[in-house]
Amino acid sequence: MVDVLANKRAATRFRVLVEIAERQPAVSQGEIAEAVGVTSQAVSEYIRDLVEDGLVEKQGRSRYRVTTEGVDWTLQAAADVRRFAEHVTDDVLGSVQEDAAIATDAIAEGDTVSLSMRDGLQHASPVTADEATETAAATGVATTDANAGEVVGVTGFEGVIDLDPGEVRVLQVPSIRSGRPDDDRLADLADACEGADLVVASGVEAVGALRSLGVDPATYFAAGEVAADAASRGLSVVVVAMADGVGRVTDALRDTGVSYEVR
């Protein structure tokens, strides 16, 4: 157990220090007491201890400031809490949470299943426990019955799904002010779309260029966000964007760390 969660006093000390940092330099002990759920007298005692330990300095009546040492201590404590929270969500609860998958064959509740990602969706296939242990990178236990093609509940996850992230290609088309795309650019678009798992558009000009090729984009809303999510699920994505709007698309891709190229 991390120090700030070791006991109630340690946790309260951490919270009082955070409240001081948020309110400094004018600190109302009453407001802190209400936020933390202790008495004003208790807050006064905690502040006195924090001052004695060099984590907080008093600058006048009801005026306090967190010292450099106090900031370092708070950052370390917050990092410990974050690691503990990740342990709870990933290691403890991750194995008991329930998720959905598409059944590739008939599955009965309680069956061990292998998990894979296909077409950007999680799929579950029935296997014996021995087969799952030896061959499957990720397994779970079915919580519902399902026929092939139906949705099945899965829990008790173990392992990691073998998945190579997809790539995103961003192709530009001119704005209406600059004229329509020439034949060479349309040919490039057609070639790129032919090999893509998903095609999305950003801007009316992009939609028009694709439709002139007989390609109907999967969406023309939030193209960058959709492309990033699809690529994270292993899909190859083409984003056709008006030249003036490419920045909005690449911003969304960059924020998620997805690999992409602009042509």
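## Tyr 220 and Phe 221

Tyr 220 is partly exposed in this predicted model. Its relative accessible area is 40%. Phe 221 reaches 58% relative accessibility and therefore counts as exposed.

The rings of Tyr 220 and Phe 221 have centres 4.9 Å apart. Their planes stand at 50 degrees, so this pair is tilted. The count of aromatic pairs comes to two.

## Phe 14 and Trp 73

Another pair joins Phe 14 and Trp 73. Here the ring centres are 6.3 Å apart and the planes are at 55 degrees, so this pair is tilted. Phe 14 lies in helix α1, and Trp 73 lies in helix α4 (residues 68–92). The pair therefore ties together parts that are 59 residues apart in sequence.

Trp 73, at 28%, counts as partly exposed.

Trp 73 also has a charged neighbour. Arg 13 lies over the face of the Trp 73 ring, at 5.7 Å from the ring centre.

## Helix α2

Helix α2 spans residues 29–36. Which of its residues are buried? They are Ile 32, Ala 33 and Val 36. These residues cover an arc of only 100 degrees around the axis, which puts them on the same side of α2.

The cover over these buried residues includes α1 (8–23) and α3 (40–52). After α2 comes Gly 37. The phi of Gly 37 is positive, near 90 degrees.

Technical notes:
Residues numbered from 1 in each chain as written. Predicted model: local features only at pLDDT ≥ 70, side-chain atom pairs only at ≥ 80, totals over all residues. Heavy atoms only, no water. Buried < 20%, exposed > 50% of the residue type's maximum accessible area, 1.4 Å probe, protein only. Helix = DSSP H or I, 4+ residues; strand = E, 2+ residues; numbered from the N terminus. Arc of directions from axis to C-beta. Contact = heavy atoms within 4.5 Å. Phe/Tyr/Trp six-rings, centres within 6.5 Å; stacked < 30°, edge-to-face > 60°. Lys NZ or Arg CZ within 6 Å of the ring centre and 35° of its normal.
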